[in-house]
Amino acid sequence: MNILVTGGAGFIGSHLCDYLISKGEYVSVIDDLSTGFFENIVHLQGDPRFQYINDTILNKDRMDSLIQQCDVIIHLAAAVGVKYVIENPLSSIETNICGTEIALKLANRYKKKILIASTSEVYGKHMHAPLKEDDNLIYGPPSTMRWSYAASKLIDEFTALAYHRTKKLKVAIFRCFNTIGPRQTGLYGMVVPRFIQQALRDEPITVFGDGRQTRTFTYFGDVVEAIYRLMKCEEALGKIINIGGTEEISISELAERIKSIAGSKSEIIYVPYEQVYGKDFEDMMRRVPSSEKLNSLIGFVPQTPLDTILEKTVEYFSSET
Ligand SMILES: NC(=O)c1ccc[n+]([C@@H]2O[C@H](COP(=O)([O-])OP(=O)(O)OC[C@H]3O[C@@H](n4cnc5c(N)ncnc54)[C@H](O)[C@@H]3O)[C@@H](O)[C@H]2O)c1
């Protein structure tokens, strides 16, 4: 099969390319390297089953020819990361809404199956767990820019479902929860690479807020396997599906674990949100997925233990520094 991976030079995308190639698939990547890195895919260059195109998904002509040539699109390209979205509000909305619209329109024109990456941010400010795909969504006001990421991905979900309902487009949407592992950059506010790099340098580990906010973390290897299985699953079409680990941990406990695994002398300090993100920032205090739907569709749920993921990621960053 010929698979177009948008955002394939990014963290999840590059691992997905490795996985797809290992399964004997042909892979094309379009990525403008806005947050991705050529180094993530450099090892695939020269493989006859792989091609990389450095361009934006907003280039309709380029997208037209790529989508015409492929069998399936896995659409990952997006403005990602709370810090990145707050610092680049307009371009983030444009990439996430217009870019996805272009991908969907062309997928429909050439009748190609498409999988769309969404996010657990879409759930908003829930306190209950686990989060189910048909839960109500709770956001703050538009003056709080953080919600623009959730809202833009939500528009992607609506548009994808509308194409499915009105045009019978073969589309599935997966909501990733915090995915971590080697190649993830700490540059755009992702907590695990940031903590690990601080720990390895024995610098203060900076917990934003009071550290009581909780998350679950998912190993990239589980995520790419789930995406591949969903791609092959006809019952997933027209559905929204969570992909996430289920081991809940507070961010202050995460800092302690990383410090211990890295054998670090770092002190753990707490920094008010306002100092990091400016006024009007709101965080999500809890985010735990239900994996019921994923399991019923593909018989698989992410289950790599958090300590194992952290050990592998610390090892990766140690060899990088
Ligand atoms: N990593 C996570 O924890 C997580 C959680 C929820 C959802 N997601 C979703 O998964 C997808 C991949 O995220 P990631 O963590 O790998 O982030 P990433 O930033 O590493 O990957 C995104 C890629 O898209 C590329 N890109 C951005 N705008 C582009 C454009 N206009 N044209 C072409 N390429 C463009 C970037 O250069 C980057 O390589 C995103 O859609 C994201 O919303 C990720």
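Q: Which residue in E6 does Ile 116 stand opposite?
A: In this predicted model, Ile 116 stands opposite Ile 173 of E6.

Q: How many bridges join strand E5 to strand E6, and do they run parallel or antiparallel?
A: Strand E5, residues 113–119, and strand E6, residues 171–176, run parallel and are joined by six bridges.

Q: What is the order of the strands in the sheet?
A: The order is E3-E2-E1-E4-E5-E6-E11. These seven strands form an open sheet with parallel pairing.

Q: And which are the edge strands?
A: Strand E3 (50–54) and strand E11 (240–243) are the edges, since each of them pairs on one side only. On average, neighbouring strands of this sheet are turned by 20° against each other, direction ignored.

Q: Changing topic: which residues come nearest to the ligand?
A: Gly 7, Gly 10, Thr 35, Gly 36 and Ala 78 come nearest, out of 29 residues around the ligand.

Q: What does the shell around the ligand look like by class?
A: The shell has 14 nonpolar residues, 13 polar residues and two charged ones.

Q: Now helix H2. Which of its residues are buried?
A: Met 63, Leu 66 and Ile 67 are buried in H2, which spans residues 60–69.

Q: Why are they on the same side of H2?
A: They cover an arc of only 95° around the axis, which puts them on the same side of H2. An α-helix has 3.6 residues a turn, so residues three or four places apart point the same way.

Q: What do the buried residues of H2 pack against?
A: They pack against strand E1 (2–6), E2, E3, strand E4 (72–75) and H4.

Q: And which exposed residues does the face turned away from the buried side carry?
A: That face of H2 carries Asp 61, Ser 65 and Gln 68.

Q: On to the backbone. Which residues does the cis peptide bond join?
A: A cis peptide bond joins Ala 129 and Pro 130, with omega at about -5°. Pro 130 lies in the loop between E5 and helix H5 (146–167).

Q: What about Gly 124, where is that found?
A: Gly 124 is also placed in the loop between E5 and H5.

Q: Is Gly 124 buried or exposed?
A: Gly 124 counts as buried, because it has 20 C-beta neighbours inside 10 Å.

Q: Which residues does Gly 124 touch?
A: Leaving out residues up to four places away in sequence, Gly 124 touches Leu 137, Ile 138, Tyr 139 and Ala 150. The C-alpha atoms of Gly 124 and Met 285 are separated by 9.5 Å, and these two residues are 161 residues apart along the chain.

Q: What is phi for Leu 33?
A: Phi of Leu 33 is near 60°, a positive value in a residue other than glycine. Leu 33 is in the loop between E2 and E3, and it is partly exposed, with 13 other C-beta atoms within 10 Å.

Q: And what is phi for Lys 111?
A: Lys 111 has a positive phi of about 55°, although it is not a glycine. Lys 111 sits in the loop between H4 and E5.

Q: Why does Lys 111 count as exposed?
A: Lys 111 counts as exposed because it has 10 C-beta neighbours inside 10 Å, and the cut-off for exposed is 12 or fewer.

Terms used
Residues numbered from 1 in each chain as written. Predicted model: local features only at pLDDT ≥ 70, side-chain atom pairs only at ≥ 80, totals over all residues. Pairing = 2+ DSSP bridges. Helix = DSSP H or I, 4+ residues; strand = E, 2+ residues; numbered from the N terminus. Axes fitted to C-alpha atoms, helices over the stretch in contact; angles between N-to-C directions. Near = placed C-beta within 6 Å. Nonpolar A, V, L, I, M, F, W, Y, C, P; charged D, E, K, R; others polar. Arc of directions from axis to C-beta. Contact = placed C-beta atoms within 7 Å.
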